[in-house]
Amino acid sequence: MPEIQTLILIIEDELSIRRFLRTVLKAQRFRVEEADTAGDGLRLAVEQRPDIILLDLGLPDMDGLEVLSRLREWTGVPIIILSARGREQDKVRGLDAGADDYLTKPFSVAELSARIRVALRHTKRNPAEGVIHCNDLVVDLINRRVWLRDQEIHLTPIQYQLLAVLARHAGRVVTQRQLLTEVWREKTEANPDYVRIYIHQLRHKLERDPVQPRYLLTEPGVGYRLVCEDG
Ligand code: CA
(Lines give C-alpha, C1' and ligand atoms only; values in the text may rest on other atoms or scores of the structure.)
Protein backbone atom coordinates (compact mmCIF):
# COMPACT_ATOMS: atom_id res chain seq x y z
CA MET A 1 0.00 0.00 0.00
CA PRO A 2 1.39 3.41 -0.92
CA GLU A 3 1.82 5.61 2.21
CA ILE A 4 1.21 8.93 0.52
CA GLN A 5 -1.31 8.71 -2.27
CA THR A 6 0.58 8.27 -5.47
CA LEU A 7 -0.92 10.02 -8.50
CA ILE A 8 -1.14 8.06 -11.73
CA LEU A 9 -2.00 9.80 -15.00
CA ILE A 10 -3.64 7.61 -17.63
CA ILE A 11 -3.41 8.88 -21.22
CA GLU A 12 -5.60 6.49 -23.19
CA ASP A 13 -8.48 7.08 -25.60
CA GLU A 14 -10.16 3.71 -25.14
CA LEU A 15 -12.87 4.06 -22.52
CA SER A 16 -12.95 0.36 -21.56
CA ILE A 17 -9.21 0.34 -20.80
CA ARG A 18 -9.42 3.59 -18.84
CA ARG A 19 -12.31 2.18 -16.83
CA PHE A 20 -10.37 -1.01 -16.10
CA LEU A 21 -7.26 0.94 -15.04
CA ARG A 22 -9.24 3.38 -12.92
CA THR A 23 -11.04 0.57 -11.05
CA VAL A 24 -7.90 -1.44 -10.40
CA LEU A 25 -5.72 1.52 -9.43
CA LYS A 26 -8.29 3.10 -7.13
CA ALA A 27 -8.75 -0.26 -5.40
CA GLN A 28 -4.99 -0.13 -4.74
CA ARG A 29 -5.43 3.36 -3.24
CA PHE A 30 -3.75 5.28 -6.01
CA ARG A 31 -5.12 8.63 -7.10
CA VAL A 32 -5.98 8.64 -10.79
CA GLU A 33 -6.21 11.36 -13.43
CA GLU A 34 -7.41 10.52 -16.93
CA ALA A 35 -6.92 12.04 -20.36
CA ASP A 36 -8.44 10.69 -23.56
CA THR A 37 -6.29 12.81 -25.87
CA ALA A 38 -2.59 13.64 -26.10
CA GLY A 39 -3.37 17.33 -25.67
CA ASP A 40 -5.21 16.78 -22.40
CA GLY A 41 -2.53 14.36 -21.24
CA LEU A 42 0.29 16.83 -21.79
CA ARG A 43 -1.66 19.57 -20.02
CA LEU A 44 -2.49 17.33 -17.02
CA ALA A 45 1.13 16.17 -16.78
CA VAL A 46 2.19 19.80 -16.30
CA GLU A 47 -0.67 20.80 -14.00
CA GLN A 48 -0.89 17.69 -11.81
CA ARG A 49 2.73 16.47 -11.72
CA PRO A 50 1.82 12.77 -11.61
CA ASP A 51 4.14 10.18 -10.03
CA ILE A 52 3.67 7.77 -12.95
CA ILE A 53 2.21 8.11 -16.44
CA LEU A 54 0.53 5.24 -18.30
CA LEU A 55 0.68 6.22 -21.97
CA ASP A 56 -1.22 4.65 -24.85
CA LEU A 57 0.67 4.92 -28.13
CA GLY A 58 -2.41 5.07 -30.36
CA LEU A 59 -4.05 8.40 -29.55
CA PRO A 60 -6.47 10.32 -31.78
CA ASP A 61 -4.69 13.68 -31.90
CA MET A 62 -0.97 12.88 -31.73
CA ASP A 63 1.36 9.90 -32.00
CA GLY A 64 2.11 8.49 -28.54
CA LEU A 65 5.85 8.54 -29.29
CA GLU A 66 5.59 12.29 -29.92
CA VAL A 67 3.81 12.67 -26.56
CA LEU A 68 6.65 10.70 -24.97
CA SER A 69 9.38 12.87 -26.45
CA ARG A 70 7.53 16.07 -25.42
CA LEU A 71 7.27 14.77 -21.85
CA ARG A 72 10.93 13.77 -21.81
CA GLU A 73 11.92 17.34 -22.71
CA TRP A 74 11.10 18.39 -19.16
CA THR A 75 10.31 15.44 -16.88
CA GLY A 76 11.92 12.21 -15.70
CA VAL A 77 8.59 10.86 -14.36
CA PRO A 78 8.28 7.08 -14.92
CA ILE A 79 6.32 6.45 -18.13
CA ILE A 80 4.85 3.03 -18.87
CA ILE A 81 3.70 2.51 -22.45
CA LEU A 82 0.43 0.71 -23.15
CA SER A 83 0.89 -1.08 -26.44
CA ALA A 84 -1.06 -3.51 -28.60
CA ARG A 85 0.24 -7.05 -28.99
CA GLY A 86 2.48 -7.55 -31.98
CA ARG A 87 3.72 -3.94 -32.01
CA GLU A 88 7.22 -4.78 -30.81
CA GLN A 89 8.74 -2.03 -32.94
CA ASP A 90 6.61 0.56 -31.13
CA LYS A 91 7.75 -0.75 -27.76
CA VAL A 92 11.40 -0.65 -28.79
CA ARG A 93 11.07 2.88 -30.15
CA GLY A 94 9.24 3.94 -26.99
CA LEU A 95 11.88 2.46 -24.69
CA ASP A 96 14.68 3.98 -26.75
CA ALA A 97 12.84 7.33 -26.60
CA GLY A 98 12.82 7.29 -22.80
CA ALA A 99 9.86 5.19 -21.64
CA ASP A 100 10.60 3.12 -18.54
CA ASP A 101 8.62 0.04 -19.42
CA TYR A 102 5.61 -1.23 -21.29
CA LEU A 103 2.48 -3.28 -20.83
CA THR A 104 1.07 -5.30 -23.70
CA LYS A 105 -2.71 -5.16 -24.02
CA PRO A 106 -4.58 -7.03 -22.74
CA PHE A 107 -2.62 -7.09 -19.48
CA SER A 108 -3.51 -8.57 -16.10
CA VAL A 109 -3.89 -6.77 -12.79
CA ALA A 110 -0.79 -8.64 -11.57
CA GLU A 111 1.32 -7.38 -14.50
CA LEU A 112 0.08 -3.82 -14.04
CA SER A 113 0.82 -3.87 -10.32
CA ALA A 114 4.29 -5.33 -10.83
CA ARG A 115 5.25 -2.69 -13.43
CA ILE A 116 3.99 0.15 -11.24
CA ARG A 117 5.80 -1.22 -8.19
CA VAL A 118 9.08 -1.39 -10.09
CA ALA A 119 8.63 2.10 -11.52
CA LEU A 120 7.93 3.58 -8.08
CA ARG A 121 10.82 1.74 -6.49
CA HIS A 122 13.18 3.19 -9.08
CA THR A 123 11.86 6.69 -8.40
CA LYS A 124 12.36 6.37 -4.67
CA ARG A 125 15.66 4.55 -4.85
CA ASN A 126 18.73 6.65 -4.33
CA PRO A 127 20.27 6.83 -7.80
CA ALA A 128 23.71 6.51 -6.23
CA GLU A 129 22.80 3.17 -4.65
CA GLY A 130 25.84 1.02 -5.17
CA VAL A 131 24.80 -2.52 -4.36
CA ILE A 132 21.87 -4.19 -6.12
CA HIS A 133 20.24 -7.17 -4.41
CA CYS A 134 18.19 -9.41 -6.66
CA ASN A 135 17.07 -12.56 -4.83
CA ASP A 136 20.27 -14.61 -4.39
CA LEU A 137 22.24 -12.36 -6.72
CA VAL A 138 24.22 -9.36 -5.46
CA VAL A 139 25.84 -6.90 -7.85
CA ASP A 140 28.27 -4.49 -6.19
CA LEU A 141 28.49 -1.60 -8.67
CA ILE A 142 31.16 0.20 -6.66
CA ASN A 143 33.69 -2.62 -6.41
CA ARG A 144 32.56 -4.37 -9.59
CA ARG A 145 31.96 -7.69 -7.87
CA VAL A 146 29.12 -10.19 -8.18
CA TRP A 147 27.92 -12.85 -5.75
CA LEU A 148 25.42 -15.63 -6.25
CA ARG A 149 24.20 -17.55 -3.19
CA ASP A 150 27.17 -16.09 -1.25
CA GLN A 151 29.70 -17.36 -3.79
CA GLU A 152 31.64 -14.79 -5.73
CA ILE A 153 31.14 -15.13 -9.49
CA HIS A 154 33.96 -14.15 -11.82
CA LEU A 155 32.83 -12.35 -14.94
CA THR A 156 34.75 -10.94 -17.89
CA PRO A 157 34.63 -7.14 -18.21
CA ILE A 158 31.94 -7.27 -20.91
CA GLN A 159 29.86 -9.85 -19.01
CA TYR A 160 30.09 -7.63 -15.95
CA GLN A 161 29.13 -4.46 -17.84
CA LEU A 162 26.11 -6.17 -19.36
CA LEU A 163 24.94 -7.45 -15.98
CA ALA A 164 25.58 -4.06 -14.36
CA VAL A 165 23.36 -2.27 -16.91
CA LEU A 166 20.56 -4.80 -16.37
CA ALA A 167 21.00 -4.55 -12.59
CA ARG A 168 20.76 -0.77 -12.64
CA HIS A 169 17.43 -1.23 -14.46
CA ALA A 170 16.40 -4.26 -12.36
CA GLY A 171 12.81 -5.27 -13.05
CA ARG A 172 12.62 -3.11 -16.16
CA VAL A 173 13.17 -4.09 -19.75
CA VAL A 174 16.34 -2.81 -21.47
CA THR A 175 16.43 -2.75 -25.26
CA GLN A 176 19.17 -4.25 -27.43
CA ARG A 177 20.17 -0.76 -28.51
CA GLN A 178 20.43 0.51 -24.93
CA LEU A 179 22.64 -2.46 -24.06
CA LEU A 180 24.85 -1.95 -27.10
CA THR A 181 25.20 1.76 -26.35
CA GLU A 182 25.93 1.33 -22.66
CA VAL A 183 28.15 -1.76 -22.80
CA TRP A 184 30.04 -1.38 -26.06
CA ARG A 185 30.03 2.46 -26.15
CA GLU A 186 32.57 3.75 -28.64
CA LYS A 187 33.07 0.48 -30.49
CA THR A 188 31.43 1.10 -33.84
CA GLU A 189 31.44 -2.57 -34.80
CA ALA A 190 29.00 -3.40 -31.97
CA ASN A 191 26.51 -5.87 -33.33
CA PRO A 192 23.16 -7.06 -31.88
CA ASP A 193 24.49 -10.63 -31.89
CA TYR A 194 26.99 -9.60 -29.21
CA VAL A 195 24.17 -9.04 -26.75
CA ARG A 196 22.68 -12.46 -27.42
CA ILE A 197 26.09 -14.15 -27.10
CA TYR A 198 26.98 -12.46 -23.81
CA ILE A 199 23.50 -13.04 -22.34
CA HIS A 200 24.01 -16.71 -23.16
CA GLN A 201 27.36 -16.66 -21.34
CA LEU A 202 25.88 -14.86 -18.33
CA ARG A 203 23.04 -17.36 -18.10
CA HIS A 204 25.58 -20.17 -17.93
CA LYS A 205 27.28 -18.44 -15.02
CA LEU A 206 24.19 -17.27 -13.13
CA GLU A 207 21.26 -19.55 -13.87
CA ARG A 208 20.67 -22.98 -12.35
CA ASP A 209 19.07 -23.94 -15.66
CA PRO A 210 20.28 -21.63 -18.47
CA VAL A 211 17.50 -22.91 -20.74
CA GLN A 212 14.82 -21.81 -18.27
CA PRO A 213 16.32 -18.64 -16.83
CA ARG A 214 14.96 -17.08 -13.63
CA TYR A 215 17.07 -13.92 -13.66
CA LEU A 216 17.89 -12.97 -17.22
CA LEU A 217 14.65 -13.05 -19.17
CA THR A 218 14.28 -12.40 -22.89
CA GLU A 219 11.54 -9.97 -23.92
CA PRO A 220 10.95 -11.23 -27.46
CA GLY A 221 11.60 -8.61 -30.11
CA VAL A 222 12.46 -5.98 -27.50
CA GLY A 223 15.39 -6.78 -25.21
CA TYR A 224 16.16 -8.26 -21.79
CA ARG A 225 15.01 -7.88 -18.20
CA LEU A 226 16.72 -8.82 -14.94
CA VAL A 227 13.88 -10.14 -12.81
CA CYS A 228 13.90 -9.97 -9.02
CA GLU A 229 11.08 -11.46 -6.95
CA ASP A 230 10.09 -8.21 -5.31
CA GLY A 231 9.31 -6.74 -8.69
CA1 CA B 1 -5.68 3.92 -28.38
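Colleague: Which residues have the most contacts inside the largest nonpolar core?

Modeller: Keep in mind that this is a predicted model. The largest nonpolar core holds 31 residues. The ones with the most contacts inside this core are Leu137, Leu163 and Leu226.

Colleague: What is leucine 226 in contact with, leaving aside its neighbours within four places in sequence?

Modeller: Leucine 226 is one of the residues with the most contacts inside the core. Leaving those neighbours aside, its contacts are Cys134, Leu137, Leu166, Ala167, Ala170, Gly171, Tyr215 and Leu216.

Colleague: How many residues are in the second, separate core?

Modeller: That one includes Leu9, Ile11, Leu57 and Leu68. Its size is 25 residues.

Colleague: Back to α6: how many of its 12 residues are buried?

Modeller: The end C-alpha atoms of α6 are 16 Å apart, which agrees with the 16 Å its 12 residues should span at 1.5 Å a residue. The helix is mostly covered, and its buried residues include Ile158, Tyr160, Leu162 and Leu163. The count of buried residues is 9 of 12.

Colleague: Is glutamine 159 buried or exposed, and which side chain does it join in a polar contact?

Modeller: Glutamine 159 sits in helix α6, and at 4% relative accessibility it counts as buried, because the cut-off is under 20%. Beyond four places in sequence, glutamine 159 is in contact with Tyr198, Gln201, Leu202 and Lys205. The polar contact between side chains is 2.8 Å, and the partner is glutamine 201.

Colleague: Which residue caps the N-terminal end of α8?

Modeller: Look for a side-chain oxygen 2.6 Å from the backbone nitrogen of aspartate 193. That oxygen belongs to the cap, asparagine 191.

Colleague: What are the protein donors of the calcium ion?

Modeller: The donors lie 2.2 to 2.4 Å from the ion and follow the spacing D-x42-D-x1-G along the chain. They are Asp13 (OD), Asp56 (OD) and Gly58 (O).

Colleague: How many residues apart are aspartate 13 and glycine 58?

Modeller: Aspartate 13 is in the loop between β1 (7-11) and α1 (15-27), while glycine 58 is in the loop between β3 (52-56) and α3 (64-72). Aspartate 13 is partly exposed at 32% relative accessible area, and glycine 58 is partly exposed too, at 46%. The pair links distant parts of the chain, 45 residues apart.

Colleague: Last one: which side chain joins that of glutamate 219 in a polar contact?

Modeller: Glutamate 219 is in strand β11 (residues 216-219) and is buried, with a relative accessible area of 14%. Not counting residues up to four places away in sequence, glutamate 219 touches Tyr102, Val173, Tyr224 and Arg225. The polar contact is 2.9 Å, and the partner is arginine 225.

Note on methods: Residues are numbered from 1 along each chain as its sequence is written. This is a predicted model: local features need pLDDT of at least 70, side-chain atom pairs count only at pLDDT 80 or more; totals for chains, interfaces and linings use all residues. Side-chain values use heavy atoms; hydrogens and water are left out. A polar contact is a pair of N or O atoms within 3.5 Å; within protein, one must be able to donate a hydrogen and the other to accept it, and residues adjacent in sequence count only if both atoms are side-chain atoms. Helices (H or I, at least four residues) and strands (E, at least two) are DSSP runs, numbered from the N terminus. A nonpolar core is a set of buried Ala, Val, Leu, Ile, Met, Phe, Trp, Tyr and Cys residues joined through side-chain atoms within 4.5 Å. Buried means under 20% relative accessible area, exposed over 50%, partly exposed in between (1.4 Å probe, protein chains only). Contact means heavy atoms within 4.5 Å. Donors are N, O and S atoms within 2.8 Å of the metal (3.2 Å for Na, K and Ca); water is not among the atoms, so sites may look incomplete. The expected span of a helix is 1.5 Å times one less than its number of residues.
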